Amino acid sequence: MMKITILGTGTSQGVPVIGCTCDVCQSDDPKDQRLRCSVAIEWKGKNIVIDVGPDFRQQMLTNRFSKVDAILLTHEHNDHIIGLDDVRPFNFLHQMHMPVYGMERVLKDVRNRFDYVFSADPYPGAPRIQLHPISSSHSFQVLDLPPIIPIEVRHGKLPILGYRFGDFTYLTDVKTLPPVSLEKVKHTKILVLSALHHRPHHAHLNLEEAIALAKEINADQTYFLHFSHRMGKHAEVSQQLP
């Protein structure tokens, strides 16, 4: 059995946005308060987290995760990797190095941004991380779990990864999906897909585009995330969805 926990559904700034006085950012509806995008998959006794942004610590505390067995990165943007320092409690508690999976380009960026982790003589309290390069063309295995299928999507012109775990597929920061990737997501039962807001954007699907892609993929259930505060209030936008 697989349990999916959506840890965050907001854009890089989160919602509410600091200093913003729009109706969404001033809303007291908890569904209009969105942490940065991340998801946890509890699968066959293991906990896998996709992306660790600046809200990672809060997400782990809120959802009472006492262990994470591995982290998968979709890409190197700040709102998807900058929480890596907060794997330290898991290092200390379970006496383990945290396995982190991502494209070679992404892991190179991780090494640059967290150079203190990978120095020849790291500070004793620094995070302990093991980097595992993957590519979009080959499935890969984490621990003793079934193979995970990486799915290349385009975030504007930048190739990034989504992931398919059995009948569950997670795709964030999407603008376009190459034909080979569409084939990989066929017959997905549960799809999580990004939808930024209503206006066209150079690097993200807007809501209209996301609905069209969701219909093309035709999963049994589709959930949208990566919302900007410009999307509107949850209660109002929900009424506009199919």
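Predicted model: local features only at pLDDT ≥ 70, side-chain atom pairs only at ≥ 80, totals over all residues.
A salt bridge here is a side-chain nitrogen of Lys or Arg within 4 Å of a carboxyl oxygen of Asp or Glu. Residues are numbered from 1 along each chain as its sequence is written, and side-chain values use heavy atoms, with hydrogens and water left out.

**E76 and R105**
- E76 pairs up with R105, and their closest N and O atoms are 2.8 Å apart.
- E76 sits in the loop between β4 (70–72) and α2 (78–81) while R105 belongs to helix α4 (residues 104–113), so this pair ties together parts 29 residues apart in sequence.
- Helices (H or I, at least four residues) and strands (E, at least two) are DSSP runs, numbered from the N terminus.
- E76 is buried at 10% relative accessibility, while R105 is partly exposed at 31%.
- Buried means under 20% relative accessible area, exposed over 50%, and partly exposed in between (1.4 Å probe, protein chains only).

**D69 and K67**
- D69 and K67 meet through their side chains in a salt bridge of 3.4 Å, N to O.
- D69 is buried, with 6% relative accessible area, and K67 is partly exposed, with 30%.

- R154 is partly exposed at 30% relative accessible area, whereas E152 counts as buried at 19%.
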